[in-house]
Amino acid sequence: MIKIAPKETGIHDLLRKRWSARSFSEAMIGDDELMNLFKAASWASSSMNEQPWRFVYAKRGSEVYEQILSTLMPGNAIWAGKAPILLAVFAKNSFDDGNVNLHAWHDVGAACTKLLLQGAELGIFGHQMGGFDREKAKNIFQYPGSLDIVSILALGYLGEADDLEEPFKSRELTPRTRKSPEEIAFTSFSDL
Ligand SMILES: Cc1cc2nc3c(=O)[nH]c(=O)nc-3n(C[C@H](O)[C@H](O)[C@H](O)COP(=O)(O)O)c2cc1C
């Protein structure tokens, strides 16, 4: 089940190949591949080249994996708990001089996209999640106040949609849709 975006979009093949899978095979991602993904993330642009992205990664079966999994909303945990790797994604919220970095989350999102695109090149799929309990994450992860938790990301090789329970199987099989350029790009502010 590959939900590649249609060729008619005219966008780059790598962009077409990235999509948010829910069905993962049991195969573990190798350490070299994982580091390659983080390297891709690190080559994102960022305000003042601050590189505010931070990741905690965990392999299935580890204590940290269970900690990350325990923060997910049930509708995410049910499928994400089969992914070989879970990441907790953080943003360093201020510069070293103490000034707030207003672009930190923006830049972390950009880095995640690079990570996912590099994954697409390697046949590794990812699924970003905002559906987790932030308060629980704060208590369990005990991360420094200089960081914000942004998202949780499941990573792995593609599994079979048939292995998913409903409604996730149907969601996995539903075609992806997008707004048209005319709906998101304008030539005047009053059209927004
Ligand atoms: C910040 C963020 C949070 C998301 N949270 C969830 C989530 O909690 N659960 C989920 O199933 N998908 C989540 N998604 C995935 C989106 O639903 C998905 O990206 C969107 O439907 C477009 O599909 P595509 O990524 O396959 O192109 C999230 C994506 C992003 C970027």
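**Reading the model**

Modeller: The shell around the ligand consists of two nonpolar residues, six polar residues and one charged residue. Here Ala, Val, Leu, Ile, Met, Phe, Trp, Tyr, Cys and Pro count as nonpolar, Asp, Glu, Lys and Arg as charged, and the others, Gly among them, as polar. This is a predicted model, in which local features need pLDDT of at least 70 and side-chain atom pairs count only at pLDDT 80 or more, whereas totals for chains, interfaces and linings use all residues. Residues are numbered from 1 along each chain as its sequence is written.

Colleague: Which residues surround the ligand?

Modeller: A residue is near a molecule if its C-beta atom, placed from the backbone, lies within 6 Å of it. The ligand is surrounded by Trp19, Ser20, Asn76, Gln128, Met129, Gly130, Gly131, Ser151 and Arg176.

Colleague: How should I read the sheet, and what is the order of its strands?

Modeller: Strands are DSSP runs (E, at least two residues) and helices likewise (H or I, at least four residues), numbered from the N terminus. Two strands pair if DSSP finds at least two bridges between them. Here four strands form an open sheet in the order 1-2-4-3, with antiparallel pairing. Strand 1 and strand 3 stand at the edges with a single partner strand each, so one side of each has no neighbour in the sheet. Strand 1 and strand 2 are joined in the antiparallel sense by seven bridges; in strand 2, Ala91 is the bridge partner of Trp53.

Colleague: Which residues of the largest nonpolar core touch the most other members?

Modeller: In soluble globular proteins, nonpolar side chains tend to be buried together. A nonpolar core is a set of buried Ala, Val, Leu, Ile, Met, Phe, Trp, Tyr and Cys residues joined through C-beta atoms within 7 Å. A residue is buried if 20 or more other C-beta atoms lie within 10 Å of its own, exposed if 12 or fewer, and partly exposed in between. The largest core has 36 residues, of which Leu87, Val89 and Ile152 touch the most other members. Strand 2 gives the most to this core, with seven residues.

Colleague: Why does Tyr57 count as buried?

Modeller: Tyr57, a residue of strand 1, counts as buried because it has 20 C-beta neighbours inside 10 Å. Two residues are in contact if their C-beta atoms lie within 7 Å. Leaving out residues up to four places away in sequence, Tyr57 touches Leu34, Ile85 and Leu87.
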